[in-house]
Amino acid sequence: MIRYPNGKTFQPKKTVSSQNRQKKPLTYSNRGMTLEDDLNETNKYYLAKQIAVIHKKPTPVQIVNVHYPKRSAAVIKEAYFKQSSTTDYNGLYKGRYIDFEAKETKNTTSFPLQNFHDHQIEHMKQVTAQDGICFVIISAFGQVYFLEAEKLFYFWERKEKNGRKSIRKDELNEAAFPISLGYSPRIDYISIIEQLYFSPNP
């Protein structure tokens with residue numbers, strides 16, 4: 001049995017038969033893939049093409065109950081997913097350190113900042129202070145966005161000063177870069193990094 005930090009039991013995703021699946025217009029929310037799935041496929045593409053080396057950090061697990069049926073084997077009976085102290089992904093692109101978080105919301109009007117934790121924001125600030133490339137990839141409103149960490153900090157600090165606790169849809173559209181979904185790569189965030197950090201100023 002594996003549990004999340006909030007105590008809920010981990011449940012594997014259930015598959016839906018093709019007969020029960022309704023045909024809907026192709027949008028990000030009903031493609032059958034999660035944001036994490038698409039980013040993992042994107043990172044595999046970057047690695048295979050020698051574009052960048054980006055990996056998802058493993059979720060830390062705390063084992064609390066192990067059964068030893070025999071000396072040569074051990075069976076984990078109970079474990080908990082621990083809350084990550086940093087972000088989801090990191091790696092290298094053209095000699096620069098890359099560090100980013102991925103978040104999704106089903107909210108149709110705004111992106112809740114409660115999706116982030118204080119320690120994640122602190123980590124991102126430490127990365128940017130060392131000249132790392134730090135950002136957030138957000139799936140919201142049927143779109144995928146690339147939001148630079150520095151812009152996220154503005155919205156976070158507004159919240160900390162008893163301001164709005166979310167990013168409005170129009171604010172996200174103005175502050176972030178939209179990423180069109182493709183085939184290979186699926187979420188081409190490297191093209192935005194190239195434009196922001198490596199292209200010569202016009």
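Modeller: Let's start with a term: a helix crossing counts as left-handed if the near helix is turned anticlockwise from the far one by less than a right angle, and as right-handed if it is turned clockwise. Keep in mind that this is a predicted model.

Biologist: Thanks! Is the crossing of H2 and H3 left-handed or right-handed?

Modeller: The axes of H2 and H3 come within 11 Å of each other and cross at roughly 140°. Residues in the contact include Ile121, Met124 and Lys125 of H2, with Leu152, Phe153 and Trp156 among those of H3. The way H2 passes H3 is left-handed.

Biologist: And which word describes how H2 and H3 lie to each other?

Modeller: Their axes cross at roughly 140°. Only angles over 145 degrees count as roughly antiparallel, and 65 to 115 as roughly perpendicular. H2 and H3 are therefore oblique.

Biologist: How far apart are the end C-alpha atoms of H2?

Modeller: Helix H2 holds 12 residues, 118-129. At 1.5 Å a residue they should span 16 Å. The model agrees with that, as the end C-alpha atoms are apart by 17 Å.

Biologist: What arc do the buried residues of H2 cover around the axis?

Modeller: The buried residues are Gln120, Ile121, His123, Met124 and Val127. They sit on the same side of H2, because their arc around the axis is only 160°.

Notes
Residues are numbered from 1 along each chain as its sequence is written. This is a predicted model: local features need pLDDT of at least 70, side-chain atom pairs count only at pLDDT 80 or more; totals for chains, interfaces and linings use all residues. Side-chain values use heavy atoms; hydrogens and water are left out. Helices (H or I, at least four residues) and strands (E, at least two) are DSSP runs, numbered from the N terminus. The expected span of a helix is 1.5 Å times one less than its number of residues. Buried means under 20% relative accessible area, exposed over 50%, partly exposed in between (1.4 Å probe, protein chains only). The arc is that of the directions from the helix axis to the C-beta atoms. Axes are lines fitted to C-alpha atoms, for helices over the stretch in contact, and angles run from 0 to 180 degrees between N-to-C directions. Angles under 35 degrees count as roughly parallel, over 145 as roughly antiparallel, 65 to 115 as roughly perpendicular and the rest as oblique. Contact means heavy atoms within 4.5 Å.
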